[in-house]
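Look at the sequence and the structure below.

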Amino acid sequence: IHVPSAMIVLALFAALTGAGCATPAQPAPAMSTVPITDFKSVAGKWGGLVRGLPPRGSSRDEDYVDVEIRPDGTYDFGIFRTVGVFGGTGKLTLEDGRMLLKGERGSATLVLLEGNGRRVLRTNAVMTNGLRLSSDLTPVR
């Protein structure tokens, strides 16, 4: 199965849920959008769960993506599903504090969120067939 790189990257960026608080009156601190001014500020390995991929008979929580962003804006990614592994490469662009991906099969917007000592790359993508994908990626150590 060949999955277009734009679709996968769009889906890349998964599962940021606030940790349960001992005291219900104290909500988790909000994350704030941080402008991305260069690729070096987000270079490294990121990973998370993909939302929006068509179901395949089991939990979507098994759809995991790994992304590596280099200081020059190039990237590699791989999505791991029970039906196999697929991936791709490409080049991101910067615009208005966000990273953009445009491919022949879709486009994606990636924003950086920070708060409570955490960093998240939130990705929202739209494929040319109308499929919407999203993911929240966190740094992988």
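A residue is called buried when its relative accessible area is under 20%, exposed when that area is over 50%, and partly exposed in between. The model shown here is predicted. With a relative accessible area of 29%, Arg 119 is therefore partly exposed. Arg 119 forms a salt bridge with Glu 114, at 3.0 Å from N to O. Glu 114 has 30% relative accessibility, so Glu 114 is partly exposed.

Side chains of opposite charge can pair when their charged atoms come close. The structure holds 5 salt bridges. In one of them, Arg 122 meets Asp 136 at 2.8 Å, N to O. Because Arg 122 is in strand S9 (residues 118-127) and Asp 136 is in strand S10, this pair ties together parts that are 14 residues apart in sequence. Arg 122 is partly exposed at 29%, whereas Asp 136, at 3%, counts as buried. Salt bridges with shared partners join Arg 51, Arg 122 and Asp 136 into one network.

Another salt bridge links Glu 95 and Arg 98, whose closest N and O atoms are 4.0 Å apart. Glu 95 is partly exposed at 40% relative accessibility, and Arg 98 is partly exposed at 26%.

Strand S10 (residues 132-139) also contains Ser 135. Ser 135 has 0% relative accessibility, so Ser 135 counts as buried. Its side chain reaches the backbone oxygen of Leu 49 at 2.7 Å.

On the surface, Tyr 64, Phe 80 and Val 140 form a nonpolar patch with about 230 Å² of accessible area together. Tyr 64 belongs to strand S3 (residues 64-69) and is partly exposed, at 31% relative accessibility.

Key
Residues numbered from 1 in each chain as written. Predicted model: local features only at pLDDT ≥ 70, side-chain atom pairs only at ≥ 80, totals over all residues. Heavy atoms only, no water. Patch = residues over 30% accessible without salt bridge, like charges linked within 9 Å, V, L, I, M, F, W, Y side chains within 5 Å. Areas by Shrake-Rupley, 256 points an atom, 1.4 Å probe, with all protein chains shown as cover. Salt bridge = Lys/Arg side-chain N within 4 Å of Asp/Glu carboxyl O. Helix = DSSP H or I, 4+ residues; strand = E, 2+ residues; numbered from the N terminus. Buried < 20%, exposed > 50% of the residue type's maximum accessible area, 1.4 Å probe, protein only. Polar contact = N/O pair within 3.5 Å; in protein donor to acceptor, adjacent residues only side chain to side chain.
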